[in-house]
Amino acid sequence: MFMISNNWKTEGTILIGLFSNYDKDQITRIKEQFNIDLEYYIRESDVSPSYKHVEKITIPYEKGMKRLYVLGLGTSADMKRDHFRKAVGHAFQVMQKDGTKTPSLWLESFISREGEVDDRAAMIAESMIISTYQLPSFKTDEEEAVTIEKLTVLTDYDEAAILNALEKGHAFADGVNTARYLVHLPANILTSTEMAEFATTMAEDYDFSLDILEKEDMEELGMGALLAVNQGSVEPPKMIVLKYQGLDEWKDVTAFVGKGITYDTGGYSIKTKAGMPGMKGDMGGAAAVLGAMETIGQMKPARNVIAVIPSTDNMISGAAFKPDDVITSMSGKTIEVLNTDAEGRLALADGVTYAQSEGADRVIDVATLTGGVVTALGSWMTGAMTNNRDFYQEVEHTGETFGEPIWLLPYNEDYQAQVRKSSIADLNNSPTRKAHAIMGGAFVGAFVEKVPWVHLDIAGTSIAEASYELGPKGPTGVMAKTLAGYIIQ
Ligand code: BES
Ligand code: MN
Ligand code: ZN
């Protein structure tokens, strides 16, 4: 996918970054290479250093023509990491639209400080692969879309270091695209059995240890919460468990628990006609976890990780669970079901308990858990809850670094008390009409036994309503990078 070169005589298309406070030496270098005065183009044409502006110039070169794409990067001083990613992603989208398959990029023109070279190279690779990703389509008459096959990075910097950085960006991007791919698949195709198949292949590829808990295993372990959600389905439930051991011993284990509801009809507390389409994406948390495992499998960090994915669809039938049912979770805690549409927290409860029984020292759960978080934060930030501010800070900081912003919601004893209100059981799964996002998280929190825990509600951030600088309309793959990044850094 990547090549490093300092031979500018490559064919075709080259992308150049232009800061508004550009370095005159770079203008000189372009003059030497292409015999054109870029400052003249800035003065006399539409070439501009203003942020995200892309201008194409075609120049006679050697025996043929060469296309230069000049991407405005604005002022280097106030360049936020995410702004950098978006500008680069946008430029690659423009080049892809023009049919470019094997672009080159002049790395030095994207650097304003020596210390940021590797980081910028990684972000370039990541943004290129994320922004030009195309979702699989089931159209029978669709034309083959242009995909970028190879990026040649023109640079005088150390070849090995740059290649390393590019591969890191590649690994993170693969994680995001894996998550997107899974969310995009409809529920008749991506059943829990298929998701387990996907995880099995991943385990083979990266040498993870794999456990697929079947319905009988769940019955033996007493996973009554996940089993209740599955009760109305003809599809068997799966608890998908992947372990990556990067340390000599199985200690200091981070658990990722991802909501893997392959379809959420709401069950007997059925969703509205308008509220149901899109619910194939209710395994967005599971997808983020599998995406992160993809990145971890490629990067092989010296850390231990367990991924736990409780998976089923939430359906209606004569056998389905109902409001008023009382169920017993793997933890032994009993739950009064007040709303069968609050199914994600039930699946996660057994997932979180199982993760701890397998030695998790800290837990991050990820889920498309509540419409409430969409009301609270929209599609711009992932909502979080925690029982440990230090752990949360690390996760939040990682999110910031990777352009996946996270906002902390409150979690105090008043909220915790709400999920314990039941005249018949230990907990109830849907306390009040108030603070839905927090109630969902608080319910999951009730199953965390004294280990640091962060809850991430991605109901608002997992789907993009329109195409954007870093990808198409549809699944964003959000939190795949943050989870992997927390482990890798
Ligand atoms: N999967 C939904 C949450 C959701 C809503 C995700 C919209 C993506 C977009 C979840 O299972 C759900 O139904 N939550 C309910 C909980 C309520 C019944 C307590 C909700 O948020 O309305
Ligand atoms: Mn639901
Ligand atoms: Zn759901």
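Reader: Let's start with Met381: which residues does Met381 touch, not counting residues up to four places away in sequence?

Author: Happy to. One thing first: this is a predicted model, where local features need pLDDT of at least 70, side-chain atom pairs count only at pLDDT 80 or more, and totals for chains, interfaces and linings use all residues. Residues are numbered from 1 along each chain as its sequence is written, chains are lettered from A and ligands numbered from 1 in the order they are written, and side-chain values use heavy atoms, leaving out hydrogens and water.

Now to your question. Met381 touches Pro405, Ile406, Trp407 and Thr461 (touching means heavy atoms within 4.5 Å) once residues up to four places away in sequence are set aside. You'll find Met381 in the loop between α11 (371-377) and β15 (382-386); helices are DSSP runs of H or I with at least four residues, strands are E runs of at least two, and both are numbered from the N terminus. With 24% relative accessibility, Met381 counts as partly exposed, a label that sits between buried (under 20%) and exposed (over 50%), using a 1.4 Å probe and protein chains only.

For a sense of distance, hop from Met381 to Glu194: the two are 187 residues apart in sequence, and their C-alpha atoms are 30 Å apart in space. On the α6 side, Met195, Phe198, Ala199, Met202 and Tyr206 take part, and they meet Ala286, Leu290, Met293, Glu294, Gly297 and Gln298 in α9.

Phe391, Glu394, Val395, Thr398 and Gly399 in α12 meet Thr482, Gly485 and Tyr486 in α15.

Two of those names come back if you look at Arg362, which sits in strand β14 (residues 360-367). Apart from neighbours within four places in sequence, Arg362 is in contact with Phe391 and Tyr486, and also with Asp252, Val253, Thr254, Ala255, Arg303, Val451 and Pro452. Its side chain makes a polar contact of 2.4 Å with the side chain of Asp252. Arg362 is buried, at 15% relative accessibility.

Asp252 gives us one more jump: Ser76 and Asp252 are 176 residues apart in sequence and 40 Å apart in space, C-alpha to C-alpha. Ser76 is in the loop between β4 (64-74) and α3 (81-97), and with a relative accessible area of 13% Ser76 is buried too. Leaving out residues up to four places away in sequence, Ser76 touches Phe19, Asn21 and Ser112. The side chains of Ser76 and Asn21 are joined by a polar contact of 2.9 Å. In both of these polar contacts, the term means a pair of N or O atoms within 3.5 Å, one able to donate a hydrogen and the other to accept it; residues adjacent in sequence count only if both atoms are side-chain atoms.

Last stop, if you like buried places: helix α14 (residues 436-445) has 9 of its 10 residues buried, so α14 is largely enclosed by the rest of the structure. The buried ones are Ala437, Ile438, Met439, Gly440, Gly441, Ala442, Phe443, Val444 and Gly445.
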